[in-house]
Amino acid sequence: MNNERQSFSGAKRRRPLEKLSGHLSRRRFLNTVGMAGTGLALPSLLGGCAVGAQTAEHCNGVPPTTRRLRAAFTNNSLTHTWCAQGKRVAETWGKWLGVDVFWYDGQGSIKQQRNALDEIATKTWDFVAIQASGIDTLIEPVEHLLDHGIPVIQMDTEIDSSRSTNITTFIEPDHIHIGEEAATALFEKMGGRGNVIMTQGQLGHSGAQGRTKGFYQALDRYPDINLIAKDPADWDVDKTKLLWEEYLARYKDIAGAFFHNDDMALAALDVIRKAGREIFIVGVDAMPPAIEAVINGSMVATVSNPAGRVHAEALMVGIFAANGGKNIPKHILADGPLVTQQNGAGLIFLENQFLL
């Protein structure tokens with residue numbers, strides 16, 4: 001506090017809050033208000049929002065809980081930067097808010113993730129949060145969880161294409177908009193003409209499907225841009241490198257490239273640079289390495305699919321549901337901006353603080 005004010009009685013100025021708290025860091029403060037093993041009453045710290053089905057639905061904010069909660073989380077693969085960032089965010093917010101988060105890595109495999117969900121469904125949880133590796137692959141264990149009164153939050157990707165499973169809520173960005181915005185930035189940089197390649201994620205992934213649709217919506221507005229290749233690399237950086245080695249050998253004229261995530265974009269960028277080629281590229285997710293690449297001009301753009309928001313909000317909704325909260329909407333938009341050289345540093349800061 002640089003502008004400290006004197007009290008009306010002319011008493012000595014207050015000491016800065018940092019000194020009054022004994023240099024109370026954010027981590028120390030949040031550890032202090034954690035649910036387990038503390039003597040502090042969380043209702044007084046979080047605004048007096050009472051626990052219970054009758055009151056939780058009227059709360060402004062996540063209702064506090066008087067016990068530690070258990071939650072199971074799974075996402076596609078922790079080898080993917082987006083998934084790894086989401087895990088860090090969920091576990092960190094879980095420590096701060098009194099939720100023991102148990103992680104089941106999908107390992108980029110539909111079969112592996114299904115096995116994990118089958119195991120999750122045999123246990124008792126306060127809530128479960130899932131980013132599915134493939135549509136319609138997890139319906140049976142998810143229905144088992146729901147039938148036993150366990151809230152299920154789906155993150156980023158769709159679990160049931162029929163949408164008949166009564167999932168608690170779906171937290172996702174608008175993948176079609178993401179794809180269209182990223183592709184438009186690329187096509188503008190290309191001057192509205194030239195050959196372009198799209199490198200896709202897993203074809204059974206609803207996020208990848210949405211990004212493809214958005215790409216085509218943008219492409220329809222640029223008749224002088226030609227799509228010369230579109231292949232899935234399944235979010236895998238090694239597959240991406242192999243694809244791009246083949247593309248560079250086959251095509252002498254590639255003006256631009258659209259990638260369904262930043263990991264693949266940066267992997268291809270490495271191959272492109274080694275070949276001495278100049279190709280405009282865009283990605284999706286706005287992971288810190290890609291944001292840095294936008295800032296330094298190596299990438300044209302990336303669009304935020306906010307891993308922090310998606311995973312933290314899944315945790316918040318889970319706490320709300322576990323405390324009897326009602327009227328949870330079936331869909332919650334977690335959007336993020338197009339990354340530019342102007343806003344990039346701020347976005348990295350927010351991600352590093354587990355806020356985006």
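This is a guided tour of a predicted model, stop by stop, with what to select and what is there.

Residues are numbered from 1 along each chain as its sequence is written, and side-chain values use heavy atoms, with hydrogens and water left out. Because the model is predicted, local features need pLDDT of at least 70 and side-chain atom pairs count only at pLDDT 80 or more, while totals for chains, interfaces and linings use all residues.

**Stop 1: the sheet**

Select strands E2, E1, E3, E4, E5 and E11. They form an open sheet of six strands in the order E2-E1-E3-E4-E5-E11, with parallel pairing. Strands (E, at least two residues) and helices (H or I, at least four) are DSSP runs, numbered from the N terminus; two strands pair if DSSP finds at least two bridges between them. Strand E2 (99-105) and strand E11 (331-333) are at the edges with a single partner strand each, so one side of each has no neighbour in the sheet. From one strand to the next the twist averages 20°, taken between axes that are lines fitted to C-alpha atoms, with angles running from 0 to 180 degrees between N-to-C directions.

Now select strand E1 (residues 69-75) together with E2. The two run parallel and are joined by seven bridges. Asn-75 stands opposite Asp-105 in E2.

**Stop 2**

Rings of Phe, Tyr and Trp (its six-membered ring) pair if their centres lie within 6.5 Å; planes under 30 degrees apart count as stacked, over 60 as edge-to-face and the rest as tilted. By this rule there are 13 aromatic pairs. In Tyr-104 and Trp-125 the ring centres are 6.3 Å apart and the planes are at 85°, so the pair is edge-to-face. Tyr-104 lies in strand E2 and Trp-125 in the loop between helix H6 (110-120) and strand E3 (127-130), so the pair ties together parts that are 21 residues apart in sequence.

Are these two residues buried or exposed? Tyr-104 is buried, at a relative accessible area of 12%, and Trp-125 is buried at 6%. Buried means under 20% relative accessible area, exposed over 50%, and partly exposed in between (1.4 Å probe, protein chains only).

Next, select Gln-107, in the loop between E2 and H6. Gln-107 is not a glycine, yet has a positive phi of about 55°. With 51% relative accessibility, this residue counts as exposed.

**Stop 3: an aromatic cluster**

Select Phe-187, Phe-215, Tyr-216, Tyr-222 and Phe-258, which form one aromatic cluster. Within this group, the rings of Phe-215 and Phe-258 have centres 5.3 Å apart and planes at 25°, so the pair is stacked. Phe-215 is in helix H9 (residues 206-219) and Phe-258 in strand E8 (residues 256-259), so the pair links distant parts of the chain, 43 residues apart. Phe-215 is buried, with a relative accessible area of 0%, and Phe-258 is also buried, at 0%.

**Stop 4: helix H11 and beyond**

Select residues 262-274, helix H11. At 1.5 Å times one less than its number of residues, this 13-residue helix should span 18 Å, and its end C-alpha atoms are 18 Å apart, which agrees. Buried residues in H11 include Met-264, Ala-268 and Ile-272.

What caps the N-terminal end of H11? A side-chain oxygen of Asn-261 does, lying 3.4 Å from the backbone nitrogen of Asp-263. Just after the helix, Gly-276 takes a positive phi of about 70°.

Move on to Ala-286, in the loop between strand E9 (280-285) and helix H12 (288-295). Ala-286 has a positive phi near 60° without being a glycine, and counts as buried at 0% relative accessibility.

**Stop 5: salt bridges**

A salt bridge is a side-chain nitrogen of Lys or Arg within 4 Å of a carboxyl oxygen of Asp or Glu; the count comes to 14. Select Lys-87 and Glu-91, whose closest N and O atoms are 2.9 Å apart. They are four residues apart in helix H5 (residues 81-97), and therefore separated by about one helical turn. Lys-87 is partly exposed at 22% relative accessibility, as is Glu-91 at 25%.

Last, select Glu-313 and Arg-309, which meet in a salt bridge (3.1 Å, N to O). These residues are four apart in helix H13 (residues 307-322), about one helical turn. Elsewhere, salt bridges with shared partners join Arg-114, Asp-118 and Glu-140 into one network.

Conventions. Polar contact = N/O pair within 3.5 Å; in protein donor to acceptor, adjacent residues only side chain to side chain.
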